[in-house]
Amino acid sequence: MPFLNVQIMQGHSASQKTALLKAASRAVAESLAAPETSVRIVLQEVPAEHVIVAGEIGKRMARVDVDMIEGRDEAKKAALMAALNQAVCSTVDMSGDEVRVVIRDVPKVDMGVANGISAKAAGR
């Protein structure tokens, strides 16, 4: 059950943000072979004056934080990073060097799933 928190700069259209959410969801499902029904994404817009990159206030950036159940190998994680980078770039007109993806593995006993049980208890 991957959870994503996507941060982008303010100023993108509603259609761009919708496209980003859909593309990111597909990217997770395809790169991890995970059911799209298990993907959860929150999009946050950040004012330019609240961002500093390489010493420059308001420099364009996007960050995608992924929390997911432990167990994916390095190749799957690399595929996920590449797919999410592409999803951001293709929907909100950014270059790949402006995007960062952070993946965190969550132990199965620390990830709650449907009905308030752990992923381990659910057999995942």
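Trainee: What should I know about the model and its numbering first?

Mentor: The model is predicted: local features need pLDDT of at least 70, side-chain atom pairs count only at pLDDT 80 or more, and totals for chains, interfaces and linings use all residues. Residues are numbered from 1 along each chain as its sequence is written, and side-chain values use heavy atoms, with hydrogens and water left out.

Trainee: Why are α1 and α2 called roughly antiparallel?

Mentor: Helix α1 covers residues 14-32 and helix α2 covers residues 74-92. Both names come from DSSP runs numbered from the N terminus: helices are H or I with at least four residues, strands are E with at least two. The two helices pack at about 160°, their axes 9 Å apart. Axes are lines fitted to C-alpha atoms, for helices over the stretch in contact, and angles run from 0 to 180 degrees between N-to-C directions. Under 35 degrees is roughly parallel, over 145 roughly antiparallel, 65 to 115 roughly perpendicular, and the rest oblique. Therefore α1 and α2 are roughly antiparallel.

Trainee: Which residues make the contact between α1 and α2?

Mentor: Contact means heavy atoms within 4.5 Å. On α1 the contact is made by Gln16, Ala19, Leu20, Ala23, Ala24, Ala27, Val28, Ser31 and Leu32. On α2 it is made by Lys76, Ala79, Leu80, Ala83, Leu84, Ala87, Val88, Thr91 and Val92.

Trainee: How many of those residues are nonpolar, polar and charged?

Mentor: The contact of α1 with α2 has 14 nonpolar residues, three polar and one charged. Ala, Val, Leu, Ile, Met, Phe, Trp, Tyr, Cys and Pro count as nonpolar; Asp, Glu, Lys and Arg as charged; the others, Gly among them, as polar.

Trainee: Is Ser38 buried or exposed, and how do you know?

Mentor: Buried means under 20% relative accessible area, exposed over 50%, partly exposed in between, with a 1.4 Å probe and protein chains only. Ser38 has 12% relative accessibility, so Ser38 counts as buried. Ser38 sits in the loop between α1 and β2 (40-46). Not counting residues up to four places away in sequence, Ser38 touches Met1 and Pro2.

Trainee: What makes the pair of Ser38 and Pro35 a polar contact?

Mentor: A polar contact is a pair of N or O atoms within 3.5 Å; within protein, one must be able to donate a hydrogen and the other to accept it, and residues adjacent in sequence count only if both atoms are side-chain atoms. A polar atom of the Ser38 side chain lies 2.8 Å from the backbone oxygen of Pro35.

Trainee: Where is His12, and is His12 buried or exposed?

Mentor: His12 is in the loop between β1 (3-9) and α1. Its relative accessibility is 15%, so His12 counts as buried. Leaving aside neighbours within four places in sequence, His12 is in contact with Lys17, Glu45 and Val92. A polar atom of the His12 side chain lies 3.5 Å from the backbone oxygen of Met9.

Trainee: Why is Asp67 called partly exposed?

Mentor: Asp67 has a relative accessible area of 27%, so Asp67 is partly exposed. Asp67 belongs to strand β5 (residues 62-69). Leaving aside neighbours within four places in sequence, Asp67 is in contact with Met1, Pro2, Phe3, Arg104, Val106 and Met111. The side chains of Asp67 and Arg104 are joined by a polar contact of 3.4 Å.

Trainee: What about Val102?

Mentor: Val102 has a relative accessible area of 28%, so Val102 is partly exposed. Val102 is in strand β6 (residues 99-106). Leaving aside neighbours within four places in sequence, Val102 is in contact with Arg63, Val64, Asp65 and Val66.

Trainee: Why are Ala33 and Asp93 each placed in a class of accessibility?

Mentor: Ala33 has a relative accessible area of 61%, so Ala33 is exposed. Asp93 has 61%, so Asp93 is exposed. Ala33 lies in the loop between α1 and β2, and Asp93 in the loop between α2 and β6. Ala33 has a positive phi of about 55° although it is not a glycine. Asp93 has a positive phi of about 55°, and Asp93 is not a glycine.

Trainee: Which residues does Arg72 contact?

Mentor: Leaving aside neighbours within four places in sequence, Arg72 is in contact with Leu32, Ala34 and Lys77. Arg72 lies in the loop between β5 and α2. The C-alpha atoms of Arg72 and Leu32 are separated by 8.1 Å.
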